[in-house]
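Here's a quick briefing to read alongside the model. Have the sequence and the structure open as you go.

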Amino acid sequence: MQNMNEIRQHIRAIEQTRKITNAMDLVSSSRMKRVMPHVNYNRLYFSRVQAAMEDIIASSQGFHHPYLDDRGDQSVTYIVISGDKGMAGDYNSNILNFAWEHMQGHPTRRLYTVGITATQFFSARGIEPEKQIIGASQDPSLYNARHMTQDIFRLYDAGQTDRVYVIYTAFFGTAKWYPVIHQLLPIPMAGYEQAAGSGTQMIYHPSPEEVFHLLVPQYTIGILFGALVQAYASEHCARMHAMQSATQNADEMLKKLHTQFNIARQAAITQEISEIAGAAQALRALEDAL
C-alpha cells in the first residue's frame with residue numbers, strides 16, 4: 001500500500017488534471033453553442049441556393065452547363081477537414097482514416113488539408129498536401145470558405161482536376177456526428193433529376209446559363225462553409241464528451257484515493273497507538289523489575 005505522502009501527491013496531481021479537463025469541457029460547450037446558429041443559417045442558405053439552381057434546370061429544356069459535365073476521375077482533388085488539436089476522443093482518427101480509405105482508389109490526386117492533424121497524418125504516409133489551409137478549422141468563416149472556393153474553381157477551370165471532394169465530419173446533434181464525403185465539382189445531378197421538366201415559367205436574365213454560372217460558386221461556398229461549421233461543432237462536441245468522461249474518471253479516482261488515504265491514516269494512527277502502548281508496557285515492566 002502507498003504511504004500517505006504518495007497518496008497525497010497523487011490526489012493533488014489528479015485534482016489539477018480535473019481542473020483542466022473541466023475547463024476544457026466548459027470551453028468546448030461554449031464554443032459549440034456559439035456556432036450552432038451558423039449551422040442552421042447555413043442549411044437555410046444552402047437550401048435556397050439549391051432551390052434556385054433546381055428551378056433553372058427544371059425551367060430550361062435541354063439545359064447544359066460545364067459544371068454539370070462528368071469528366072471522369074483521372075485526377076481527383078480532396079479537401080480533408082480535421083482539427084488542429086487532439087483531446088477530442090476519436091474525432092480526428094475517424095475522419096482521417098475515413099479519408100485515407102477513400103483516397104486509396106485514386107492514385108492521381110491533389111490534397112488540400114484543413115487542420116494540423118490532417119497535415120501530419122498524410123505527411124506520415126508519404127502524401128504531402130498541395131496546400132495547407134492554416135487556422136480555418138478553428139475559424140469557420142465565410143472568408144476562408146470563399147478563398148477555398150476560388151482555389152478549387154481555378155484548378156477545375158484550368159482542367160487540372162476532374163473531380164473535387166470535401167471530406168468532413170457532419171454534425172447531426174450533440175450525440176450524433178460522423179465522417180461524410182461530398183462531391184463539389186462537377187455538381188452531381190442526382191439531386192436535380194426530379195426537378196428536370198417540372199419548373200415554373202420564370203425568365204432569367206441575361207440567360208439561365210449565366211445565372212446558373214453565378215449561383216454555382218455561391219452553392220460551393222455554402223457547402224464549404226457548412227462543412228467547416230459542422231466540423232467545428234463536431235470537434236468541440238467530441239471534445240466536450242471526452243472531457244466530461246475524463247472529469248468523471250478523475251472524480252472516481254479521487255474517491256478511491258481519498259478512501260485509500262483514510263485507510264492509510266487510520267493504519268498509521270493504529271500503529272502509533274500500538275507503539276505508544278508497547279512503550280508504556282515496556283516502561284512498566286522495567287519499573288517492576290527495579
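Which side chain does the side chain of Thr 113 make a polar contact with? That would be the side chain of Thr 119, at 2.9 Å; a polar contact is a pair of N or O atoms within 3.5 Å, where within protein one must be able to donate a hydrogen and the other to accept it, and residues adjacent in sequence count only if both atoms are side-chain atoms.

Before going further: this is a predicted model, with local features needing pLDDT of at least 70 and side-chain atom pairs counting only at pLDDT 80 or more, while totals for chains, interfaces and linings use all residues. Residues are numbered from 1 along each chain as its sequence is written, and side-chain values use heavy atoms, leaving out hydrogens and water.

**Around Thr 113**

- Thr 113 sits in strand β2, residues 109–114; strands (E, at least two residues) and helices (H or I, at least four) are DSSP runs numbered from the N terminus.
- Thr 113 counts as buried because its relative accessibility is 0%; buried means under 20% relative accessible area, exposed over 50% and partly exposed in between, with a 1.4 Å probe and protein chains only.
- Setting aside residues up to four places away in sequence, Thr 113 touches (heavy atoms within 4.5 Å) a set of residues including Val 80, Phe 122, Pro 129 and Lys 131.

- Strand β1 covers residues 76–81, and six of its six residues are buried.
- On one side of β1 you'll find Val 76, Tyr 78 and Val 80, on the other Thr 77, Ile 79 and Ile 81, and both faces are covered.
- β1 runs parallel to β2, joined by six bridges; strands count as paired if DSSP finds at least two bridges between them.
- Val 76 has Arg 109 as its bridge partner in β2.
- β1 also pairs with strand β4 (residues 163–171), in the parallel sense over five bridges, and Val 80 stands opposite Ile 167 there.

**Nonpolar cores**

- A nonpolar core is a set of buried Ala, Val, Leu, Ile, Met, Phe, Trp, Tyr and Cys residues joined through side-chain atoms within 4.5 Å.
- The largest one has 50 residues, and Ile 79, Ile 81, Val 166 and Leu 185 touch the most other members.
- Elements that each supply at least two residues of this core include α1 (4–59), α4 (142–157) and β5 (177–185), but α5 gives the most, with 18 residues.
- Beyond its neighbours within four places in sequence, Ile 81 is in contact with residues including Tyr 91, Val 114, Val 166 and Leu 228.
- A second, separate core of 14 residues includes Ile 95, Phe 121, Ile 127 and Tyr 165.

**Salt bridges**

- The whole structure holds six salt bridges, each a side-chain nitrogen of Lys or Arg within 4 Å of a carboxyl oxygen of Asp or Glu.
- Arg 18 and Asp 251 meet at 2.4 Å, N to O, linking helix α1 to helix α5 across 233 residues.
- Arg 18 is partly exposed at 27%, and Asp 251 is partly exposed at 33%.
- Arg 163 and Asp 70 meet at 2.6 Å, N to O, with Arg 163 in β4 and Asp 70 in the loop between α1 and β1, 93 residues apart.
- Arg 163 is buried at 12%, whereas Asp 70 is exposed at 57%.
- Arg 239 and Glu 235 have their closest N and O atoms 3.1 Å apart; they are separated by about one helical turn because they lie four residues apart in helix α5.
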